[in-house]
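Biologist: I'm new to reading protein models, and I'd like to learn by looking at one with you. Could you walk me through it?

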Amino acid sequence: MTAGQHFAHQPPDREDGPMEDEMLTKTQAVDGAAIKKAIEGRDGQTLSSFYADDAVLRVVDRNNPPSRPREIRGRAAISTFWDDICSRAMTHKVDTTIADGDNLAFTQACAYPDGTKVFCAAMLELKDGRIARQTVVQAWDE
């Protein structure tokens with residue numbers, strides 16, 4: 001069993017306390033395989049655990065242009081974001097992942113049941129093993 005698998009198999013109704021947060025810091029590595037597993041499994045709880053408390057997730061798309069990107073600040077707000085994304089009836093496939101030191105990038109292809117497609121490219125900056133900053137550029141079928 002890898003460190004990432006330990007948390008992926010926990011019951012979803014478990015309440016995490018301070019001790020659990022320390023365990024996540026030590027054993028839940030943010031890497032391409034863990035990101036892929038959590039995204040493709042629509043596991044918002046695991047995705048949220050990857051972020052630092054003061055992380056910033058920036059989204060650039062048609063509704064949020066580069067001059068006015070959507071900024072989601074803090075792990076609690078990012079958790080709400082991932083809960084929304086993971087609750088949607090859609091598939092996610094992480095296609096390419098590249099790691100370089102404290103940077104991780106990946107591309108993701110998504111599809112809704114009606115055939116609408118979404119493509120996403122993400123760049124993550126890691127600090128102390130957690131995501132400190134993430135920029136997402138996405139486009140979807142209109």
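Biologist: Let's begin with charged side chains. What do the side chains of Arg73 and Glu71 meet in?

Modeller: First, some ground rules: this is a predicted model, where local features need pLDDT of at least 70 and side-chain atom pairs count only at pLDDT 80 or more, while totals for chains, interfaces and linings use all residues. Residues are numbered from 1 along each chain as its sequence is written, and side-chain values use heavy atoms, with hydrogens and water left out. Now, a salt bridge is a side-chain nitrogen of Lys or Arg within 4 Å of a carboxyl oxygen of Asp or Glu. Arg73 and Glu71 form one, at 2.6 Å from N to O. Arg58 joins these two in a network of salt bridges.

Biologist: Are Arg73 and Glu71 buried, partly exposed or exposed?

Modeller: The general idea is a cut-off on relative accessible area: buried is under 20%, exposed is over 50%, and partly exposed is in between (1.4 Å probe, protein chains only). Arg73 has 54%, so it is exposed. Glu71 has 37%, so it counts as partly exposed.

Biologist: How many salt bridges are there in the whole structure?

Modeller: A search finds six. One of them pairs Arg62 with Glu142, at 2.9 Å from N to O. That pair links distant parts of the chain, 80 residues apart: Arg62 is in the loop between strand S1 (51–60) and strand S2 (70–73), and Glu142 is in the segment after S6. Helices (H or I, at least four residues) and strands (E, at least two) are DSSP runs, numbered from the N terminus. Both Arg62 and Glu142 are exposed. Asp84 and Arg88 also meet in a salt bridge, at 2.7 Å from N to O. Here Asp84 is partly exposed at 36%, and Arg88 is partly exposed at 31%.

Biologist: Next, helices. Which residues of helix H3 are buried?

Modeller: H3 covers residues 32–40, and its buried residues are Gly32, Ala34, Ile35, Ala38 and Ile39. Look down the helix axis and they fall within an arc of 165 degrees, so they line one face of H3. The arc is that of the directions from the helix axis to the C-beta atoms.

Biologist: What covers the buried residues of H3?

Modeller: Contact means heavy atoms within 4.5 Å. The cover includes helix H4 (44–49) and the strands S3 (91–100), S4 (103–111), S5 (117–127) and S6 (130–140).

Biologist: And what is found at the start of H3?

Modeller: There, a side-chain oxygen of Asp31 comes within 3.2 Å of the backbone nitrogen of Ala33. After H3 comes Arg42, which has a positive phi, near 50 degrees.

Biologist: Let's pick a strand residue. What does Val137 touch?

Modeller: Val137 lies in strand S6. Leaving out residues up to four places away in sequence, Val137 touches Val60, Phe119, Cys120 and Ala121. Phe119 is 18 residues from Val137 along the chain, and their C-alpha atoms are separated by 8.4 Å. With 43% relative accessibility, Val137 is partly exposed.

How values were computed: A polar contact is a pair of N or O atoms within 3.5 Å; within protein, one must be able to donate a hydrogen and the other to accept it, and residues adjacent in sequence count only if both atoms are side-chain atoms.
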